[in-house]
Amino acid sequence: MIGRLARFALLALDARAVPRGAPTSRAIAARWIAANALAAGGVQVAFEGPVPRGPRVFALRAPSFAAAIAAVPVLVDADTLPRGWRLALCALGLPLLDRTPELALAQGASVLSAGGSAACALTVELESEGYRVRVGPPDRILVA
Amino acid sequence: MNQLAGDDAGIAIARLAAACPDAVTELVRVGDVPIYAFELGTSEATAPVLLVVGGVHGLERIGTEVAIAFLGSLVSRLAWDQLLHDALARCRIIVVPQLNPIGMARGQRGNGNGVDLMRNAPPHPLGGTPFLGGQRISPRLPWYMGRAGAPMEPEAAALVRLVETRVFGAPFSIALDLHSGYGFVDRLWYPYARTREPMPDLPAIAALGRLLDDTLPNHVYRLEQTAQAYTIRGDLWDYLYDRRRAVNAGTMLSLTLEMGSWAWVRKNPLQGLSSLGRFNPVKPHRHRRTLRRHLPLVEFLLHAAASHRAWMPA
């Protein structure tokens with residue numbers, strides 16, 4: 001338990017040193033931090049299919065935000081998150097959406113929203129050793 | 001101290017070079033000091049390769065001594081061991097016992113320019129725990145990566161050249177880099193160092209781990225990712241691993257043996273007062289034990305490389 005806490009503390013330190021600036025860089029940094037957080041917890045993430053190209057809004061209703069962020073570089077719209085998640089992601093040092101989703105999209109970054117509708121959904125399935133993430137239409141969203 | 005000083009290691013290496021002059025190559029000369037590579041076995045470019053590297057960090061003399069002990073054992077067995085000759089007809093062993101002779105002679109971690117050779121590769125844009133994972137503040141501080149944009153240090157560049165020319169052509173290779181200075185147990189670290197995300201060859205590493213458990217059931221090693229605790233920028237083995245994957249479809253498993261030197265300090269706390277004592281066994285019996293302790297592992301890796309088709313996952 002202490003070892004795991006130490007790993008997360010060091011990851012939070014790493015996260016604050018990850019270069020960020022433009023929304024696309026922030027999204028790449030967010031993916032790296034989320035992937036490292038899951039790996040530090042011993043959770044594997046598999047991504048199925050091609051990584052979608054170009055900025056878009058993803059919808060996610062499954063509770064495993066980290067797996068979705070670890071699979072695709074996205075900026076999370078913090079306003080759509082429960083308060084506990086917002087605090088956890090901030091503590092981890094994960095870059096969140098710091099402008100309007102429209103502006104981030106115009107600047108080339110994808111946005112992940114926890115509620116509402118979107119043309120694209122990140123489907124997260126729970127497996128024995130981790131998560132499987134795939135891009136699909138909103139009606140295929142599964143709760144992990 | 002019983003351990004070899006930097007000069008003594010140089011003398012031991014020169015003796016081995018004299019004993020097998022056909023096997024030795026001068027990789028590079030740093031100042032007046034040569035860095036040697038010993039190559040034994042078939043010259044067939046497609047043969048599996050075991051690469052053993054020691055003395056990347058000048059303070060960690062025990063790594064060089066283990067490499068010399070392995071090399072000395074090989075050279076003496078060449079005179080009589082037919083089984084070894086049979087193995088060498090099918091594979092190749094390359095040993096670089098002392099990559100950082102200047103740092104070792106000065107008793108410092110970095111090379112003559114104060115650069116930490118293990119953080120000197122072109123860095124990936126992401127990853128790297130602040131300071132500990134590599135810093136560009138000053139060569140007087142540990143973990144110095146070198147100036148941004150500067151070419152790699154001659155020692156690191158020589159190792160990269162060696163791996164690119166002599167190892168990349170092999171369909172399968174294992175690299176073992178010998179270090180000390182972290183933890184109470186001996187660890188075998190595999191890439192990546194820059195991220196905690198799994199390496200693409202994780203199934204091969206898992207298979208090698210199972211093979212090690214089955215072959216040496218009472219071994220002392222803990223197999224884990226280098227970035228288990230903190231992440232490193234410019235890690236040489238990350239760089240070579242990624243380069244290897246970009247070049248062709250073969251496999252190179254790079255392992256770092258991190259000898260748990262804290263256990264030596266716990267048993268003999270006074271040695272913690274000296275910089276060398278924190279990284280090397282000081283008591284003569286412990287020093288001898290360390291030199292013989294890791295030879296079965298290197299031998300195992302040689303056999304695993306030579307017979308990789310029998311255990312590597314498809």
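**Entry 1: two helices of chain A**

I noted that α1(A) and α2(A) are roughly antiparallel to each other (the word applies to angles over 145 degrees). I looked up the geometry: the two helices pack at an angle of about 170°, with their axes 10 Å apart. The axes are lines fitted to C-alpha atoms over the stretch in contact, and angles run from 0 to 180 degrees between N-to-C directions. Helices here are DSSP runs of H or I with at least four residues, strands are runs of E with at least two, and both are numbered from the N terminus.

I then listed who makes the contact (C-beta atoms, placed from the backbone, within 7 Å). From α1(A) come Arg7(A), Phe8(A), Leu11(A), Asp14(A) and Ala15(A), and from α2(A) come Ile33(A), Asn36(A), Ala37(A) and Ala40(A). I sorted these residues into six nonpolar, one polar and two charged. For the sorting, Ala, Val, Leu, Ile, Met, Phe, Trp, Tyr, Cys and Pro count as nonpolar, Asp, Glu, Lys and Arg as charged, and the others, Gly among them, as polar.

**Entry 2: what I am looking at**

This is a predicted model, in which local features need pLDDT of at least 70 and side-chain atom pairs count only at pLDDT 80 or more, while totals for chains, interfaces and linings use all residues. Residues are numbered from 1 along each chain as its sequence is written, and chains are lettered from A and ligands numbered from 1 in the order in which they are written.

**Entry 3: chain A against chain B**

I found 14 residues from chain A and 13 residues from chain B in the contact. On the side of chain A, α1 (2–17) and α2 (23–40) each give two or more residues. The largest share, six residues, comes from α2(A).

**Entry 4: cores**

I looked for nonpolar cores, which are sets of buried Ala, Val, Leu, Ile, Met, Phe, Trp, Tyr and Cys residues joined through C-beta atoms within 7 Å. The largest has 79 residues, and Leu50(B) and Ala305(B) have the most contacts inside it. Helix α2 (residues 61–78) of chain B gives the most to this core, with eight residues.

I checked Trp143(B), whose phi is near 65°, a positive value in a residue other than glycine. Trp143(B) counts as buried, with 22 C-beta neighbours inside 10 Å. Buried takes 20 or more other C-beta atoms within 10 Å, exposed 12 or fewer, and partly exposed is in between, with C-beta atoms placed from the backbone. Phe131(B) has phi near 70° and is partly exposed, with 14 other C-beta atoms within 10 Å.

Notes: Contact = placed C-beta atoms within 7 Å. Parallel < 35°, antiparallel > 145°, perpendicular 65-115°, else oblique.
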